[in-house]
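Here is a short tour of one protein chain, written for reading alongside the model. Keep the viewer open and follow along.

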Amino acid sequence: MKFISRVFLPLLLLLYIGYETWLKLHHHSLCSATGCRLAGELLRFPSIYLNYMGLAAVGAILLFGLFSLFGKAFEKLYFITLYTAIAFESVMIGYQIFANPEPCLFCLGVYGGLLLIALASRARWLLYALPMIFALFFALGDLAIPRNVALIKGDGLYLIASDHCPHCQKVKKYFAAHHITYHKLSVNDPSVRHLAKALGITEIPILIRRKGGVTTILYGDRPILATFESPESTETKAKSGETSADENLSTPAALLNPFNASEKGGCSLDAVAENPSGGCEESGPEIPLR
């Protein structure tokens with residue numbers, strides 16, 4: 001039984017990772033699902049290096065497992081390496097589950113292989129490790145991890161707003177009264193907050209309009225409503241007040257607002273996110289647009 005759990009099963013897993021690595025080097029893969037492609041986007045380095053890390057880790061497990069059959073000193077190294085690999089893969093799989101629409105099937109195969117080796121090697125120790133594994137998943141679930149998905153999926157209006165922001169309600173009521181259709185992006189979504197902060201905007205509501213490859217951005221209820229109330233003047237103000245996708249998107253957030261800095265019309269993004277039941281209504285004065 002020790003030979004199967006410490007040598008045979010790690011050898012099969014090593015061959016599995018090795019075959020996938022060979023395929024990837026030749027621009028193929030065992031996994032053609034969307035999750036496998038998206039998993040590589042979460043890494044800071046090319047995904048092939050993660051395969052090399054897997055080969056090294058499973059190779060060490062196989063080597064220590066083989067030597068553990070002849071000496072107890074290597075048995076400790078075998079289990080240390082095995083559960084280190086399980087902890088590492090738990091974090092990788094957990095992050096994928098919360099960040100991607102679906103996890104990488106190849107990664108799940110590797111994770112399942114490691115758990116099978118641990119179960120066959122010493123089931124009691126795996127039971128002891130399960131609380132730690134569950135804790136890792138719960139900890140990742142508590143983090144505000146942005147989803148690796150597109151928020152702006154086509155032409156139209158996209159409104160980043162909160163149900164408890166009075167300025168957002170003002171824009172929504174105007175849109176409803178004038179039968180203006182839009183896609184709502186809730187500020188409670190970590191991905192939406194990440195998008196707003198990436199644009200350098202810290203107030204809501206934020207209106208993103210995409211049409212024919214051109215994207216314009218406005219924030220604050222007064223600039224947004226003025227866009228629909230006086231389209232003639234907006235064209236003139238847009239030169240200093242809107243961001244085009246065909247231009248430099250790193251334009252400072254202050255240039256996105258064509259109105260005077262003294263005017264008010266937005267709730268603090270962080271205040272609404274931290275206090276969704278009250279938003280800026282409970283935080284005192286409104287936040288002046290920059």
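How many bridges join β1 to β4, and do they run parallel or antiparallel? Five bridges join these two strands, and they run antiparallel.

## About the model

This is a predicted model, in which local features need pLDDT of at least 70, side-chain atom pairs count only at pLDDT 80 or more, and totals for chains, interfaces and linings use all residues. Residues are numbered from 1 along each chain as its sequence is written, and side-chain values use heavy atoms, with hydrogens and water left out.

## The chain as a whole

The protein chain holds eleven helices and seven strands; these are DSSP runs numbered from the N terminus, with helices being H or I of at least four residues and strands E of at least two. Of its 290 residues, 41% count as buried, where buried means under 20% relative accessible area, exposed over 50%, and partly exposed in between (1.4 Å probe, protein chains only).

Take the contacts (heavy atoms within 4.5 Å) between residues at least 6 apart in sequence: 71% of them join residues at least 24 apart. The accessible surface comes to about 15,600 Å², and 63% of that belongs to carbon and sulfur atoms; such areas come from the Shrake-Rupley method with a 1.4 Å probe, and for residues only the protein chains shown count as cover.

Gly156 has Arg210 in β4 as its bridge partner, and Arg210 in turn is partnered by Thr215 in β5. Six bridges join β4 to β5, again an antiparallel pair. These two strands form a hairpin with two residues between them, and Gly212 in the turn has a positive phi of about 60°. In the loop between β3 (203-204) and β4 sits Pro205, and the peptide bond from Ile204 to Pro205 is cis, with omega near 10°.

## Two nonpolar cores

A nonpolar core here is a set of buried Ala, Val, Leu, Ile, Met, Phe, Trp, Tyr and Cys residues joined through side-chain atoms within 4.5 Å. The largest has 29 residues, and Ile160, Phe175, Ile204, Ile206, Ile208 and Ile224 touch the most other members. Elements that each supply at least two residues of this core include β1 (156-161), α7 (166-177) and β5 (214-219). The largest share, five residues, comes from β1.

A second, separate core of 28 residues includes Leu13, Ala39, Leu114 and Ile117.

Helix α1 (residues 2-25) has 24 residues and should span 34 Å at 1.5 Å a residue, which agrees with its end C-alpha atoms being 34 Å apart; the expected span is 1.5 Å times one less than the number of residues. The helix bends by about 25° at Phe8, with Pro10 following within four residues; the bend is the angle between axes fitted to the seven residues ending there and the seven starting there. What covers its buried residues includes α3 (48-68), α4 (72-99) and α5 (105-121). Glu20 lies in α1 and counts as buried because its relative accessibility is 2%. Residues that Glu20 touches include Ser29, Asn51 and Phe106.

In the loop between α7 and β2 (183-186) lies His179. Its phi is positive too, about 55°, although His179 is not a glycine, and His179 is exposed at 72% relative accessible area.

How values were computed. Two strands pair if DSSP finds at least two bridges between them. Lists of a residue's contacts leave out its neighbours within four places in sequence.
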